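The sequence and the model are shown first.

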Amino acid sequence: MQNRLEALQIFCAAAEESSFKQVAIRLAISPQKVTRAIKELERLRGEQLFHRNTRQIKITQFGADFAEQAKQVISQFEQLFPDKHKMREDIRGIVRITAPNTFGREVVMPALTELAVLYPAITLEFHLANTHSNLVDEEIDIGVRIGFLHDQTCVVRQPKMMPFYLVAAPSLLARTGLPKSIEELSSLPIIALINRKTGRYWPWEFSNKRRFHPEQAAFITDDPDIERNAALAGIGFGHMAGYLVEKYLASGQLISVLPNDAPEPWPLNLYRPYQEPVPARIRLVFDYLYEKLSQPAYGLDDAG
């Protein structure tokens with residue numbers, strides 16, 4: 001019974017990940033153990049639970065239905081036989097979180113506010129910075145970043161993918177017209193976001209790995225919030241992440257430009273240093289943020 005219960009727990013984790021390797025990292029077990037557990041469940045049920053290739057896994061329809069049943073079984077088991085150690089553990093103490101400035105204020109902060117009300121014994125320490133933080137050196141428990149992480153020492157989950165948009169205000173388009181190509185942007189007013197470390201403008205990514213490097217700008221800032229405000233004011237064309245502009249695209253205050261040239265979305269990363277055991281307060285905050293940030297429009301309704 002215990003082995004099958006453990007297999008169900010591994011399977012439920014796999015249902016939320018894109019590879020068995022990520023499951024192994026999340027549960028701090030070997031990839032071979034994950035594979036054995038899934039194969040044993042497939043043998044017992046006589047059905048395939050995942051489609052597999054060399055790079056990723058995708059749950060089958062039977063697997064998705066089975067996952068819902070498995071979660072109910074695990075929940076019932078935990079209610080019948082609660083972990084006495086966890087029951088005794090008092091979830092309190094400090095959890096330190098870092099996130100980019102604007103995304104942190106507009107999207108992460110609402111989730112932390114809700115969490116603080118639910119768990120008043122946990123002290124949340126929230127750091128905002130647009131530069132990547134070294135979690136261990138800076139004693140940060142949880143990080144949130146948009147983009148691609150190269151730190152292999154962290155446990156990483158990706159709640160969603162973040163699209164990017166080239167946008168302009170209707171008032172600007174009335175003056176300049178719609179550009180028909182990326183190349184035309186070099187002759188149009190541009191809002192440039194400057195990299196504080198290098199002093200250079202951030203390049204704009206487009207489909208097929210194409211890049212536009214702003215050379216002359218009508219407006220320059222190092223803050224994404226100001227960048228958005230400048231676009232709303234019609235100062236220039238801006239290239240921004242979805243969380244900054246989707247509300248305004250929906251209302252018509254901004255217009256999507258060259259949408260067929262949009263780049264592939266970037267991952268939104270929720271990550272923490274790899275350590276076992278994970279303190280209950282950190283796991284609780286990590287899982288809560290993952291659940292909230294996974295919601296399609298979370299934090300956007302109140303943005304701006």
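Strand 14 (residues 266-273) has seven of its eight residues buried, so it is largely enclosed by the rest of the structure. Buried here means under 20% relative accessible area, exposed means over 50%, and partly exposed lies in between, with a 1.4 Å probe and protein chains only. Strands (E, at least two residues) and helices (H or I, at least four) are DSSP runs numbered from the N terminus.

The model is predicted: local features need pLDDT of at least 70 and side-chain atom pairs count only at pLDDT 80 or more, whereas totals for chains, interfaces and linings use all residues. Residues are numbered from 1 along each chain as its sequence is written, and side-chain values use heavy atoms, with hydrogens and water left out.

Two strands count as paired if DSSP finds at least two bridges between them.

The table lists pairings from both sheets of this report.

| Strand pair | Sense | Bridges |
|---|---|---|
| Strand 3 (residues 93-99) and strand 4 | parallel | seven |
| Strand 5 (residues 142-146) and strand 14 | antiparallel | four |
| Strand 6 and strand 14 | antiparallel | seven |
| Strand 7 (residues 164-168) and strand 13 | antiparallel | three |

Val95 stands opposite Leu124 in strand 4. Within strand 14, Leu270 lies opposite Val144, and Trp266 lies opposite Met162. In a regular strand the side chains alternate between the two faces of the sheet.

Another open sheet has three strands in the order 12-7-13, with antiparallel pairing. Strand 12 and strand 13 stand at its edges, each with a single partner strand, so one side of each lacks a neighbour in the sheet. Neighbouring strands are turned by 50° against each other here on average, direction ignored. Ala168 stands opposite Ile255 in strand 13. Helix 9 lies across strand 7, strand 12 and strand 13, and runs at about 105° to strand 12.

**The second largest pocket**

Which residues lie nearest the centre of the second largest pocket? They are Ile146, Gly147, Phe164, Trp202 and Trp266, from a lining of 42 residues. Elements that give two or more residues to this lining include strand 5, strand 14, helix 6 (101-118), helix 8 (224-232) and helix 9 (242-251). The lining divides into 20 nonpolar, twelve polar and ten charged residues. In this count Ala, Val, Leu, Ile, Met, Phe, Trp, Tyr, Cys and Pro are nonpolar, Asp, Glu, Lys and Arg are charged, and the others, Gly among them, are polar.

The volume of the pocket is about 1400 Å³. A pocket is an open set of points, on a 1 Å grid over the protein atoms alone, with protein on both sides within 12 Å along at least five of seven lines; lining residues have an atom within 4 Å of a point. Grid points are joined across faces, edges and corners, and a volume is the space filled by probe spheres set on the points.

**Single residues**

Leu193, in strand 8 (residues 191-193), counts as buried at 18% relative accessibility. Leaving aside neighbours within four places in sequence, Leu193 is in contact (heavy atoms within 4.5 Å) with residues including Arg200, Tyr201, Trp202 and Glu227. Leu193 and Met240 are 47 residues apart in sequence and 9.5 Å apart in space, C-alpha to C-alpha.

Two residues other than glycine have a positive phi. For Lys209 the value is near 60°; this residue lies in the loop between strand 9 and strand 10 (211-212) and counts as exposed at 79% relative accessibility. Leu258 has a phi of about 50°, is located in the loop between strand 13 (255-257) and strand 14, and is buried, with a relative accessible area of 13%.

**The chain as a whole**

The protein chain has ten helices and 14 strands. Of its 304 residues, 42% are buried. Among contacts with a separation of 6 or more, 74% come from residues 24 or more positions apart.

Terms used. 1 Å grid on protein atoms, 1.4 Å probe; cavity = no way out; pocket = protein on both sides within 12 Å on 5 of 7 lines; lining within 4 Å. Axes fitted to C-alpha atoms, helices over the stretch in contact; angles between N-to-C directions.
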